[in-house]
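Please study the sequence and the model before reading each solution.

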Amino acid sequence: MTNAIKELILKMADDALIFGHRNSEWTGIGPTLEEDIAFSSMAQDKIGHAWALYGILNQHLGDKEPDTLAFDRKASDYKCCQMVTFFTWDYAFALVRHFLFDHAEYLRYSSLANSSYQPLAQLAKKITGEIKYHILHADTWMQSLANGSEESQARLQSALNEVFPLAAGIFEKGPFENKLIEQGIFIGEEALRNNWIEKTKDLIQSMGLQIPDIEQNSEAPGGRYGHHSEFLQPLLDEMSEVFLSEPGASW
Amino acid sequence: MSSLDPRINRLDLLRQEQNASADRGKNENWPAFEVFHQAKRGQHHKHVGTVHAPDAQMALVFAKEQFGRRQTCVNMWVVKTSDIISFSYNDVDMFETTPGKLHREATGYKLRDKVEKYKQQQRKKADKK
């Protein structure tokens with residue numbers, strides 16, 4: 001059972017860490033000062049979620065120190081979905097990814113608040129409120145740009161067409177899926193994906209945007225099994241540079 | 001133009017600057033919104049600052065991260081700066097005599113001595129216990 005819980009927590013932690021790092025790349029260069037601060041602050045929240053999840057692995061499940069887990073692993077040992085690894089300087093891409101990913105995060109953590117694994121249930125209860133703000137932020141921007149100019153609508157739609165297929169990777173099933181469901185630890189990726197489709201489909205349609213074909217875009221590319229895009233390694237090199245310059249040092 | 005921060009270099013700002021100069025000024029100025037922050041239920045909302053945003057909803061979203069993330073907060077208000085009615089500083093002479101109107105201040109009541117005396121008694125009692 002321990003392996004199943006570890007696998008679930010590790011992929012969630014890696015999602016939060018890599019997504020947080022990617023979004024922090026907008027710090028200082030966000031579209032406006034206020035948006036820069038909001039986006040950076042949410043990126044920091046994600047790093048906090050990752051830290052808390054690695055902390056559960058370390059304290060309750062006998063894994064390594066959080067910093068070691070975060071900074072000192074091979075790329076193929078990271079179990080994040082591929083979507084969060086993609087590098088972009090297109091704010092429309094960053095925004096749509098934030099919208100699709102954080103709605104999945106909200107549903108995931110809301111359901112985990114009822115998990116039979118107490119450390120995870122407690123953490124989920126604590127941070128669901130933070131993610132609630134993240135989806136409010138995403139929804140407000142999406143709504144605003146969808147109602148904006150022809151250009152903003154077109155850029156939003158094209159980003160949606162690009163990012164939507166990647167989102168299938170969020171819900172890639174892990175090797176211990178049935179065990180986790182049976183034990184009441186997690187509702188499972190399939191149930192989560194159904195909830196997510198229901199939620200995002202309504203929102204996207206209410207914004208007047210076209211939703212890409214869901215069935216055609218259901219293939220998961222293997223991030224949960226350590227298969228990653230060419231974007232992950234450079235990110236890890238940059239993120240770990242300071243830590244690996246003196247492993248084990250306290251900062 | 002090169003920066004010590006690799007993120008800045010990746011952005012290729014100089015090229016973007018040249019491309020963007022034609023669009024300068026278009027949609028650049030969002031209205032200002034005043035932000036009010038409530039630390040506890042029942043307390044007054046206090047003015048804490050200003051955000052720029054395209055509309056009120058977005059102003060609220062921005063206000064939360066600008067002013068709500070480093071202190072306890074249960075609620076926030078935003079109001080468009082241009083919707084606030086204020087006096088003009090030219091009319092500051094209307095307030096000039098205020099410091100002289102001592103007769104309007106709630107001081108000099110005899111009751112105060114009684115209250116002080118009572119408080120002292122209470123303190124003494126508490127000390128004895």
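**Exercise 1.** What volume does the second largest pocket have?

*Solution.* This is a predicted model, in which local features need pLDDT of at least 70, side-chain atom pairs count only at pLDDT 80 or more, and totals for chains, interfaces and linings use all residues. Residues are numbered from 1 along each chain as its sequence is written, chains are lettered from A and ligands numbered from 1 in the order in which they are written, and side-chain values use heavy atoms, with hydrogens and water left out.

Step 1. The second largest pocket has a volume of about 290 Å³.

Step 2. Its lining comprises 14 residues, of which A:G48, A:W51, A:A52, A:L123 and A:K126 are the closest to the centre.

**Exercise 2.** Determine which helix gives the most to the lining of this pocket.

*Solution.* Step 1. In chain A, α2 (33–60) and α5 (118–146) each supply at least two lining residues.

Step 1. The most comes from α2(A), with nine residues.

**Exercise 3.** Describe the interface between chain A and chain B.

*Solution.* Step 1. Count the contacts (heavy atoms within 4.5 Å): 19 residues of chain A touch 16 residues of chain B.

Step 1. Consider the buried area (the accessible area, with a 1.4 Å probe, that two parts lose on being put together, summed over both). The two chains bury about 1700 Å² between them, with 64% of it on carbon and sulfur atoms.

Step 2. On the chain A side, A:E34, A:W89 and A:Y133 lose the most area to chain B, together 32% of what that side buries.

How values were computed
On a 1 Å grid over the protein atoms alone, a cavity is a set of points where a 1.4 Å probe fits but cannot get out, and a pocket is an open set with protein on both sides within 12 Å along at least five of seven lines; lining residues have an atom within 4 Å of a point. Grid points are joined across faces, edges and corners, and a volume is the space filled by probe spheres set on the points. Helices (H or I, at least four residues) and strands (E, at least two) are DSSP runs, numbered from the N terminus.
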